[in-house]
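Here are my notes on the model, as numbered points. Please read them with the structure open.

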Amino acid sequence: MRCLFAFLLLAVIGLTNCGNAQDVPPRLLTGHGELDQRLSKLISADEWAINADEASEMADAVFLDAREPEEYTVSHLPDARRLGYDQVDETALAGLPADTPLVVYCTVGYRSEHIAEQLRERGYSKVYNLYGSLYAWKLAGYPLHDSNGEPTNELHTYNKKWGRLVPDSIGVKVY
């Protein structure tokens with residue numbers, strides 16, 4: 001009976017911790033409360049998570065977009081290679097030595113975190129997840145480019161639900 005009680009107690013403790021926000025280092029926060037709260041429940045703030053300022057200072061890094069073609073076409077980080085998520089485009093990795101610094105991003109960081117883990121498992125040693133991803137980049141004031149490589153004010157927000165987490169002043173939200 002004691003074993004059953006201990007098991008149930010541990011199960012309850014484990015379930016109450018599921019979905020709780022983690023402590024996120026202040027350097028990773030976007031400054032937008034509801035967005036930061038959602039991100040803290042969805043994405044790891046581990047040693048591989050970097051913020052937009054840190055990513056922008058990585059002059060030798062290759063930026064990999066872990067979104068689908070229609071998202072990338074609307075807007076992406078300057079000079080980013082589209083790697084994808086559902087259908088990974090291996091050509092984005094062509095010629096990259098395993099020690100190349102890679103910064104992976106998506107809309108908010110969920111898909112890019114998974115892709116970054118897969119790349120580390122494949123032997124790439126310096127793979128970082130842009131915490132808050134495209135949202136964090138744009139909120140930090142950095143530019144986005146369109147399919148022609150020109151600056152754009154459009155931001156693909158994945159869907160309307162996620163689009164509500166960033167202010168309208170961020171630019172033209174595209175779903």
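1. Rings of Phe, Tyr and Trp (its six-membered ring) pair if their centres lie within 6.5 Å; planes under 30 degrees apart count as stacked, over 60 as edge-to-face and the rest as tilted. By this rule there are three aromatic pairs. Phe63, Trp137 and Tyr142 make up one aromatic cluster.

2. This is a predicted model, in which local features need pLDDT of at least 70 and side-chain atom pairs count only at pLDDT 80 or more, while totals for chains, interfaces and linings use all residues. Residues are numbered from 1 along each chain as its sequence is written, and side-chain values use heavy atoms, with hydrogens and water left out.

3. Tryptophan 48 and tyrosine 128 form a tilted pair, 5.6 Å centre to centre with 55 degrees between the planes. The two residues are 80 apart in the chain: tryptophan 48 is in the loop between α2 (33-42) and β1 (49-50), and tyrosine 128 is in strand β5 (residues 127-130). Helices (H or I, at least four residues) and strands (E, at least two) are DSSP runs, numbered from the N terminus.

4. Is tryptophan 137 buried or exposed? Buried means under 20% relative accessible area, exposed over 50%, and partly exposed in between (1.4 Å probe, protein chains only). Tryptophan 137 has a relative accessible area of 6%, so this residue is buried. Tryptophan 48, at 21% relative accessibility, counts as partly exposed.

5. Arginine 38 lies over the face of tryptophan 162, 4.7 Å from the ring centre. The rule asks for NZ of Lys or CZ of Arg within 6 Å of the ring centre and within 35 degrees of the ring normal.
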